[in-house]
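Trainee: I would like a close look at one part of this model, followed by its surroundings. Please keep to the numbers and give the cut-offs as you go.

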Amino acid sequence: MSRRRQARIAPYMFVLPFGIFFLLFFILPIVYGAYESLFQVTRSGLLGGEGSKDFVGVQNYAQAIADERFVDSIGRVLLLGAVQVPLMIVMALVLALLLDSVSARFSSFFRAAYFLPYGVPGVIASILWAFLYVPGISPIVEVLGGVGINHDFLSQGNVLWSIGNIVIWQLAGYNVLVITAQLKSIPGELFESARVDGASSLQIARRIKIPLVRPALILTTVFAIIGILQLFAEPMILRPITGSVSSTFTPNLTAYNEAFVNNNYNLAATQAVIIAGITFVLSFGFLRAMRRKASL
Amino acid sequence: MPVTTRRSATSSAARSRTVVLTVLILAGIYFLLPIVWVGIAFTKTSADLFGSFGLWFSDPRPVDNFLLIIQHENGIFLRWMANSALYAGGGALAAMLLCAAAGYALAKFEFTGRETIFNIILGGVLVPSTALALPLYLLASQLHLTNSYWAVLLPSMVNPFGVYLCRIYAEGAVSDELIEAGRVDGASEFSIFAKLVFRVMTPALVTVFLFSFVSIWNNYFLALVMLSDRDLYPITLGLSTWLGYADRQPVLYQLTVGGAFIAIIPLIALTLSLQRFWRSGLTEGSVKG
């Protein structure tokens, strides 16, 4: 094969392996899921042996939207997200700024400590916190009880926020890392000249640092929004521990339940598509809003 | 106008420094508490788990517990750990290779469809793995390919973000001169990639490996829907099933807690020692706009 010819087809050859995997395990499932969402399986006959698979168009979607429990689950994660995401981002930002103001040795120790939970898989983080919520095992519950605060982390009203805490615990340190990476890329002269002009640390933080870490804040927020809408493992792990987590607690839990308990795969596919759609709209919408604000 | 004396200026600086350190320490306690707790809980029997105070030892029996955990159910714990290593390690390795090749091509070659392909891949970055789990299951079950190692391994090898990272890095780190030199020497495109480019891209490759590793390790939904044979479970799924049965078999509380501790030791060691790769990976690609 001529050199030139080889150089021309080389890029396609290099992209091909990834491309094949991407098509088979990314694009294809999405297309197939959307396809299945347009059908409905009805079983008939004595033992459900006979039946048909019929094209029902958007009927599954109408059914999903009319399902109160599914809609509730969406509302629940939106509520959690509305509180948890800003809380976590602000917390990460504050910690990153504080770390920036202390000596290097302290800051790298603390940053490592904050980052540690990121290395703990979500399921295991949920197991750890599950035990930290159960009275009788949890030292937290015991200590709080000792000072007269009888907080039930797993009650109907509290469990959502207890789950939110698990998410924050896992991800805040990682977000600190992202923001810090951006902070460190800001040239030091900017701070020098500001300080020479008499700006206080607080003013420097507000006027220079925060605006300049904007890309990092946008990035972490988008992924936080996407992540919280997918909430599955944390409530799933808590289910055997408390009755407050129903089988339709979050949208993904509902879809899972629909597929593997109700055996209605088509409706589950519909719910998965709806969840993906909402995620896409919210994450894209947020990015758009941020871009518009930047160009003002 | 009150004059700020040197002394009060210094003491207010010292005060704010104390506040800063206090906040940082409190945050440190928050993040380390569950890990410290599970380390202590690992040494306890079931009775002490429920009986003694959580943040201090009580008749520690780490070795006994360790043996109990790895021997339970014919050593399935170790099998689960090995499975996780396979899924996360194998999957991340493959992902790294796929991303490296694709990223290199997108960075250093001009070809029709380049930006379209890249934008489609980029769109994939916004699609969370949970969104794919159920559709993947539906597809796999149609083809009777569920409940196997491949069912979890193959989808895990797709990491669109990794392609993005590799492209950005290759654009900066792989010089045209390097490639030209290889061509002048008569090397094939593939050996230029495998021998020259691969080595230069190493930091990005390690970063992609780590991101993929963590992502696969965290992918509970996929393993849950695909696998019904307990021998195939990753450690996360395994521990969650133990916990699920614990109310019927109380020793499982102790085994789950202890198992969780054993499982996170290698991960924490990995996270701490390779922290800088996350930092550099982020500076390289994501936060630059």
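Trainee: What is the relative accessible area of B:Arg61?

Mentor: The relative accessible area of B:Arg61 is 35%, which puts the residue in the partly exposed class; that class lies between buried, under 20%, and exposed, over 50%, with a 1.4 Å probe and protein chains only. This is a predicted model, in which local features need pLDDT of at least 70 and side-chain atom pairs count only at pLDDT 80 or more, while totals for chains, interfaces and linings use all residues. Residues are numbered from 1 along each chain as its sequence is written, chains are lettered from A and ligands numbered from 1 in the order in which they are written, and side-chain values use heavy atoms, with hydrogens and water left out.

The partner of B:Arg61 is B:Asp59, and the closest N and O atoms of their salt bridge are 2.9 Å apart. A salt bridge here is a side-chain nitrogen of Lys or Arg within 4 Å of a carboxyl oxygen of Asp or Glu. B:Asp59 is also partly exposed, at 44%, and sits in the loop between helix H2 (46-51) and H3 of chain B. Helices (H or I, at least four residues) and strands (E, at least two) are DSSP runs numbered from the N terminus. The backbone of B:Asp59 has a positive phi of about 50°, although the residue is not a glycine. Most residues other than glycine have a negative phi. B:Glu73, in helix H3 of chain B, has a positive phi of about 55° and is not a glycine either. Its relative accessible area is 33%, hence partly exposed.

Over all chains, the count by this rule is 12 salt bridges. One of them joins A:Glu36 and A:Lys53, with N to O at 2.7 Å. These two are 17 residues apart and link distant parts of the chain, A:Glu36 being in helix H1 (residues 3-36) of chain A and A:Lys53 in strand E2 (residues 50-55) of chain A. A:Glu36 is buried at 6%, whereas A:Lys53 is partly exposed at 41%. In chain B, B:Glu115 pairs with B:Arg114 at 3.2 Å between the closest N and O atoms. B:Glu115 is partly exposed at 37%, and B:Arg114 is buried at 17%. Shared partners extend this into one network of B:Arg114, B:Glu115, B:Arg167 and B:Glu171.

Between the chains, 91 residues of chain B are in contact with 88 residues of chain A, contact meaning heavy atoms within 4.5 Å. The two chains bury about 8200 Å², 82% of it on carbon and sulfur atoms; buried area is the accessible area (1.4 Å probe) that two parts lose on being put together, summed over both. B:Leu24, B:Phe31 and B:Leu126 supply 9% of what chain B buries against chain A, more than any other three residues. Helix H1 (residues 6-41) of chain B provides the largest share of the side of chain B that touches chain A, 16 residues.

A:Leu128 illustrates the chain A side: it lies in helix H5 (residues 122-133) of chain A and is buried at 1%. Leaving aside neighbours within four places in sequence, A:Leu128 is in contact with B:Pro34, B:Trp37, B:Val38 and B:Ala260. From chain B, B:Ser240 in helix H12 (residues 235-245) is buried at 12%.
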